[in-house]
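Thanks for coming, everyone. Please take a moment with the structure on the screen before I start.

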Amino acid sequence: MKEVAGLDPSLVYRPEADPGAGKDKDGFRNYASGPLLDRVFATYKLMHTHQTVDFVRRKHAQFGGFSYKKMTVMEAVSMLDELVDESDPDVDFPNSFHAFQTAEGIRKAHPDKDWFHLVGLLHDLGKVLALFGEPQWAVVGDTFPVGCRPQASVVFCDSTFQDNPDLRDPRYSTELGMYQPHCGLDKVLMSWGHDEYMYQMMKFNQFSLPSEAFYMIRFHSFYPWHTGGDYRQLCSQQDLAMLPWVQEFNKFDLYTKCPDLPDVDQLRPYYQGLIDKYCPGVLSW
């Protein structure tokens, strides 16, 4: 493997860990060592080579009609039984368990916000893209804006972007690139993956969740922003107002990962009730 940069710079800042988590918070998101590192690095190398402005625009056009599959939310959760995220240095078990772990962590800390519990279940369902035949580098992992120079806290920033053609294009290779200062993240073209796909899918199917839920889904993998502190030059006041919600969600997305897997059959009826309330029936994916 090529030389790997040091620890992920986003480790400089971490939200407080959930005290119930089964792993010390400093043990998460270690991009310098560990048994899964080669797999993780290879996924990010492909991502950072091929995620370009043109590629992302093609994917929006390809998937924006939501004509790949008709299924319920719970059927999508079950599909994730077949997926192990190749970008994740922390887990080597199916993504469906992580959905329930995240949701239950939120439910314990925020018992009065049932919509927030559902966000925990929904947040990674966009990874069904990998089961539609998409390579994992176009589905999983931390996201970043395309169309401008990657900033320091992007994972493996110094060792994986050398072959990305956008960095040789003067339109896209400056700090602002093709954007205006403080244009707002809603006007930024993010690298294509499960976050953006699921956000667009929720809008297409008219989920009746609050705006905070849509924001958390869309940007939960944007670690260089919500954890690394980068890309503030693109943010609007709305983005900064929503940032604490994304950071609150991140505590449960990250720190509930542990090999003690939940009893999914026992939890399913509660979450089916939330699905029936906020996003019922057969949906377009």
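I will go from the overall layout to a record annotation, then to some side-chain pairs.

First, a word on the source. This is a predicted model. Please keep that in mind throughout.

Now the layout. The protein has eleven helices and two strands. Starting at the N terminus, the order is α-α-β-α-α-α-α-α-α-α-α-α-β. So how much of the protein counts as buried? With the cut-off at under 20% relative accessible area, 59% of the 285 residues count as buried.

Next, the contacts. As for the surface, the protein exposes about 11,700 Å². Carbon and sulfur atoms supply 51% of that area.

On to the annotation. The UniProt entry, which is unreviewed, carries a "binding site" annotation. You will find G141 in the loop between α5 (114-122) and α6 (157-160). Is G141 buried or exposed? G141 is buried, at a relative accessible area of 8%.

Now the charged pairs. Some background first. Side chains of opposite charge can pair when their charged atoms come close. How many salt bridges does a search of the whole structure find? The search finds ten. I will show three.

Start with R107 and E104. These two form a salt bridge, and their closest N and O atoms are 3.0 Å apart. Both residues lie in helix α4, residues 95-109. They sit three residues apart, about one turn of the helix. Both are partly exposed: R107 has a relative accessible area of 29%, and E104 has 25%.

The next pair is E196 and R218. Here the closest N and O atoms of the salt bridge are 2.9 Å apart. E196 lies in helix α7, residues 194-204, and R218 lies in helix α8, residues 211-219, so the pair ties together parts that are 22 residues apart in sequence. What about burial? E196 counts as buried, at 5% relative accessibility. R218 is buried too, with a relative accessible area of 11%.

Then K251 and E248. Their side chains meet in a salt bridge of 2.9 Å, N to O. Why are they about one helical turn apart? Because they are three residues apart in helix α10, residues 237-255. K251 is buried, and E248 is buried as well.

Last stop: Q62. Where is Q62 placed? Look in helix α2, residues 53-63. Q62 is partly exposed, with a relative accessible area of 33%. Which residues does Q62 touch, not counting those up to four places away in sequence? Q62 touches Y68 and E134. The side chain of Q62 also makes polar contacts. One is with the side chain of K59, at 2.9 Å. Another, also 2.9 Å, joins the side chains of Q62 and Y68.

To recap. We have a predicted model with eleven helices and two strands. A whole-structure search gives ten salt bridges. One of them, E196 with R218, links helix α7 to helix α8. Over to you.

Methods:
Residues numbered from 1 in each chain as written. Predicted model: local features only at pLDDT ≥ 70, side-chain atom pairs only at ≥ 80, totals over all residues. Heavy atoms only, no water. Helix = DSSP H or I, 4+ residues; strand = E, 2+ residues; numbered from the N terminus. Buried < 20%, exposed > 50% of the residue type's maximum accessible area, 1.4 Å probe, protein only. Areas by Shrake-Rupley, 256 points an atom, 1.4 Å probe, with all protein chains shown as cover. UniProt positions renumbered as here; feature names shortened; annotations may be inferred. Salt bridge = Lys/Arg side-chain N within 4 Å of Asp/Glu carboxyl O. Contact = heavy atoms within 4.5 Å. Polar contact = N/O pair within 3.5 Å; in protein donor to acceptor, adjacent residues only side chain to side chain.
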